[in-house]
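Hello,

Here is the structure I promised to pass on. Please open it first, then read my notes below.

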Amino acid sequence: MASCRTCRTWRPRVVRLGRLGLTFDANLFRGWLVQESVRFLSQLCSTAPIRALPRRMFVVLMLAGALFIASSSLPYFDFENLPPFAIEKLPVRFESLWLASLRIHVAAALVSFPLCLVLMTRTLQRRVAWHRWMGRATGILVLFALVPSGTVLAMDAKGGTIVTAGFLLSAAIVAWFTVRGVQAARRHNLVSHRRAMLHVVGQMSVAVVSRLMLVGFDIAGFDPDLAYVVALWVPVLGSVALVEWLSLRAARSRSFTSQIVIERTGRELSPLALLVRVRSLVRPNIRPGR
Amino acid sequence: MKPLATRESEQSRFSRVRMPPGERRLRVLQTTASRDKSAREFVPFAIDVRYGGEWRENDIVGCAYLGNGDLYVKRGDAYRPAAILLGKNVEPVAGVCEAPPPPKA
């Protein structure tokens, strides 16, 4: 910011935007706008949709799977007859409790899984109040209906101890990371919140993935008992590994601070708003001349 | 077995329910009828199922009463009417499909 008798003294022109406390220097903005916006827009147009494609495909696939499961779960709510899954399992200890748990578990899953998928979308993440309230409802449903009923069902799981262990592990992961995710959200640690909730969604996706695997194994003529075990453990462990890999990759590619910024701005602002230099979210500036 | 096969063909395959077997076969376990405690004649049977190339014996075990045609299948340690395989919520029936022990000499 040099000044001289022949040249105009440079003084920053600070413009404040809205209630988010964003500021930018108008003098710098003109020159920066052309360069940065062209670069950013070209990146946005060329890579952002591609980068978002796997996530969007996952959400669409899981929603479709959830719809299929919902349509095939209607017999569970015919209270005059036994569903095929129950016939296969009989006899069970505490039959009434088991049947009630089955119906609660199916109903809770049919609601909570789509809710979790919708909560993953940027559209809902930008609507903070909606996200919070839907998240609270989903968390309550998961912790107080889905996990307890699933635990009861796991005790009499088809396939014996190894399958029981798999279902209990999945339930433990869902419960642990639901609590951790809520705690992280309350601390405004969106990176940890995202990782925790990805674990929850990953375990819920086991319902769809394992069913797909069972259909595939049946077509291939695999032993159904072995197929049931494999179709449980592979998605359970695979989901954990995939989420951890995604989290590790995100952590390595960016610094922690910028990761928080990017995660927060991605949720709170539309891509267009990212054209404005979000200075106040990164560090406060003491501007000269004030 | 036909109503059972029909029911299985109608259920969704996108489920944790066991997939329908490729084939079933019925085996009658005795050539002569036995009598239960009520002196009713019955014949025990077993149904085997095939997945891929392997047969699994005794997938369903039960008995058929010759007098009235009632069918019972074993679930755990108890016998229930065969309607349970079609989804009917029926209770176990005591004293069926079991011949009393021969009297001691």
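About 2,400 Å² is buried between chain A and chain B, and carbon and sulfur atoms give 57% of that area. Keep in mind that this is a predicted model. Every value here is computed from it.

**Where the chains meet**

Chain A brings 31 residues to the contact, and chain B brings 22 residues. Three salt bridges run between chain A and chain B. One of them joins the side chains of Asp223(A) and Arg56(B), at 2.2 Å from N to O. Between chain A and chain B there are also eight residue pairs in polar contact, counting pairs with both residues at pLDDT 80 or more.

Which elements of chain A give two or more residues to the side that touches chain B? They are helix H2 (48-72), helix H3 (84-89), helix H8 (190-220) and helix H9 (224-253). H8(A) gives the most, with eight residues. By class, this side of chain A has 18 nonpolar, five polar and eight charged residues.

**Chain B by itself**

Chain B has one helix and six strands. Along the sequence the pattern is α-β-β-β-β-β-β. Its C-alpha atoms fill a box of roughly 55 × 30 × 25 Å along the principal axes.

**A pocket lined by both chains**

Next, look at the second largest pocket. It holds about 790 Å³ of space. Its lining has 38 residues, and the closest to its centre are Glu88(A), Arg18(B), Met19(B), Tyr51(B) and Asp59(B). From chain A, the elements giving two or more residues to this lining are H3, H8 and H9. From chain B, they are helix H1 (2-10), strand S3 (41-51) and strand S4 (54-65). H9(A) has the largest share of the lining, five residues. The lining divides into 19 nonpolar, five polar and 14 charged residues.

How many cavities of 30 Å³ or more does a search of the whole structure find? The search finds three. The largest cavity has a volume of about 750 Å³. It is lined by 34 residues, and the closest to its centre are His105(A), Ala109(A), Phe167(A), Ala207(A) and Arg16(B).

Several helices of chain A each supply at least two residues of the lining of the largest cavity. They are H2, H3, helix H4 (95-119), helix H6 (128-155), helix H7 (161-186), H8 and H9. H4(A) gives the most, with seven residues. By class, the lining of the largest cavity has 23 nonpolar, six polar and five charged residues.

**Salt bridges overall**

Over all chains, the structure holds 13 salt bridges. One to look at is Arg195(A) with Glu244(A), where the closest N and O atoms are 2.9 Å apart. This pair links distant parts of the chain. Arg195(A) sits in helix H8 of chain A and Glu244(A) in helix H9 of chain A, 49 residues apart.

**Where to start**

Go to H8 of chain A. It gives the most residues to the side of chain A that touches chain B. It also gives two or more residues to the lining of the second largest pocket, and at least two to the lining of the largest cavity. Then turn to H9 of chain A, which has the largest share of the pocket lining.

Best wishes

Note on methods. Residues are numbered from 1 along each chain as its sequence is written. Chains are lettered from A and ligands numbered from 1 in the order in which they are written. This is a predicted model: local features need pLDDT of at least 70, side-chain atom pairs count only at pLDDT 80 or more; totals for chains, interfaces and linings use all residues. Side-chain values use heavy atoms; hydrogens and water are left out. Contact means heavy atoms within 4.5 Å. Buried area is the accessible area (1.4 Å probe) that two parts lose on being put together, summed over both. A salt bridge is a side-chain nitrogen of Lys or Arg within 4 Å of a carboxyl oxygen of Asp or Glu. A polar contact is a pair of N or O atoms within 3.5 Å; within protein, one must be able to donate a hydrogen and the other to accept it, and residues adjacent in sequence count only if both atoms are side-chain atoms. Helices (H or I, at least four residues) and strands (E, at least two) are DSSP runs, numbered from the N terminus. Ala, Val, Leu, Ile, Met, Phe, Trp, Tyr, Cys and Pro count as nonpolar, Asp, Glu, Lys and Arg as charged, and the others, Gly among them, as polar. On a 1 Å grid over the protein atoms alone, a cavity is a set of points where a 1.4 Å probe fits but cannot get out, and a pocket is an open set with protein on both sides within 12 Å along at least five of seven lines; lining residues have an atom within 4 Å of a point. Grid points are joined across faces, edges and corners, and a volume is the space filled by probe spheres set on the points.
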